[in-house]
Amino acid sequence: MLDTTALNQQRNFFDGHSSLWLFGYGSLIWKADFDYLERRSAYIHGWERRFWQGSHDHRGTPEAPGRVATLIRAQGAVCHGMAYRITPDVLAPLDTREKNGYLREKVPLTFVDGNVGDNGDAAEQSEGLIYLASDDNPAFLGEAPLADIAQQIAYAHGPSGANAEYLLNLATALRELGAEDAHIFALEHQLKLL
Ligand code: BEZ
């Protein structure tokens, strides 16, 4: 199976920093099983969430892969998630956990709770890190009809549990953040029809 661990450990965009912002747009929104210094609701511009990445090691198996979230570029779009300020040592276990196609990327992020408006200040921004599974990684499954994606998610299970639980937890967490996400809410709806 694919293993991006070594590649990621060379992608040191925040070398020399004692802390950095990690932006979670998938399971990291509702399951942060690492230490963090601070957590803030945030979003990134120009990206949309999609269940287009295959999961052979967490929410599925090599024989029956599940589907998990990645991001695609979309001009004008906004993707909401959760930003965690972490120390750099937190990344090594994440590199291992997300080795099936995800690479560290540096992105600008905007905090939802920044000071905006009254005094004319711009929203507070920072550079951050995401784990991105791009369309050239071997575990990428890509687009499919929503009903087919929901069907695949409904039946897939892996060492981290049911694929359906991942989707339902993500939809619930996004609702709690007050975030819009047509793809995720439509998939949740399709899953509940099965
Ligand atoms: C996320 O929640 O942002 C995420 C988690 C695992 C792999 C990629 C992204």
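The model is predicted, so local features need pLDDT of at least 70 and side-chain atom pairs count only at pLDDT 80 or more, while totals for chains, interfaces and linings use all residues. Residues are numbered from 1 along each chain as its sequence is written, and side-chain values use heavy atoms, with hydrogens and water left out.

Let us start at the ligand, which sits in the largest pocket. A pocket here is an open set of points, on a 1 Å grid over the protein atoms alone, with protein on both sides within 12 Å along at least five of seven lines; a molecule sits in one if more than half of its atoms lie within 2 Å of its grid points. Strand E1 (20-24) and helix H2 (27-30) are the elements that give two or more residues to the shell around the ligand. Helices (H or I, at least four residues) and strands (E, at least two) are DSSP runs, numbered from the N terminus.

Which residues are around the ligand? They are Phe23, Gly24, Tyr25, Gly26, Ser27, Leu28, Glu98, Tyr102 and Tyr131, where being around it means having a heavy atom within 4 Å of it. By class, this shell has five nonpolar, three polar and one charged residues. Ala, Val, Leu, Ile, Met, Phe, Trp, Tyr, Cys and Pro count as nonpolar, Asp, Glu, Lys and Arg as charged, and the others, Gly among them, as polar.

Now look at the backbone beside the ligand. A backbone N or O atom of Tyr25 is 2.7 Å from a ligand oxygen atom, and a polar backbone atom of Gly26 also lies 2.7 Å from an oxygen atom of the ligand. For Ser27, a backbone N or O atom is 3.2 Å from a ligand oxygen atom. On its own the ligand has 260 Å² of accessible area, and the protein covers 96% of that (Shrake-Rupley method, 1.4 Å probe).

From here, turn to strand E2 (residues 38-55), where you will find Ile44. With a relative accessible area of 1%, Ile44 is buried (buried means under 20%, exposed over 50%, partly exposed in between; 1.4 Å probe, protein chains only). Its C-alpha atom is 8.2 Å from that of Gly81, 37 residues apart along the chain.

Helix H5 (residues 163-177) holds Asn163, which is buried at 0% relative accessibility. Asn163 and Arg59 are 104 residues apart in sequence, yet their C-alpha atoms are 4.8 Å apart. Leu168 is found in helix H5 too, and counts as partly exposed at 30% relative accessibility. The C-alpha atoms of Leu168 and Gln9 are separated by 31 Å.

Our last stop is Asp181, in the loop between H5 and helix H6 (182-193). Asp181 is buried, at 9% relative accessible area, and its C-alpha atom is 8.4 Å from that of His80, 101 residues apart along the chain.

Note on methods. Polar contact = N/O pair within 3.5 Å; in protein donor to acceptor, adjacent residues only side chain to side chain. 1 Å grid on protein atoms, 1.4 Å probe; cavity = no way out; pocket = protein on both sides within 12 Å on 5 of 7 lines; lining within 4 Å.
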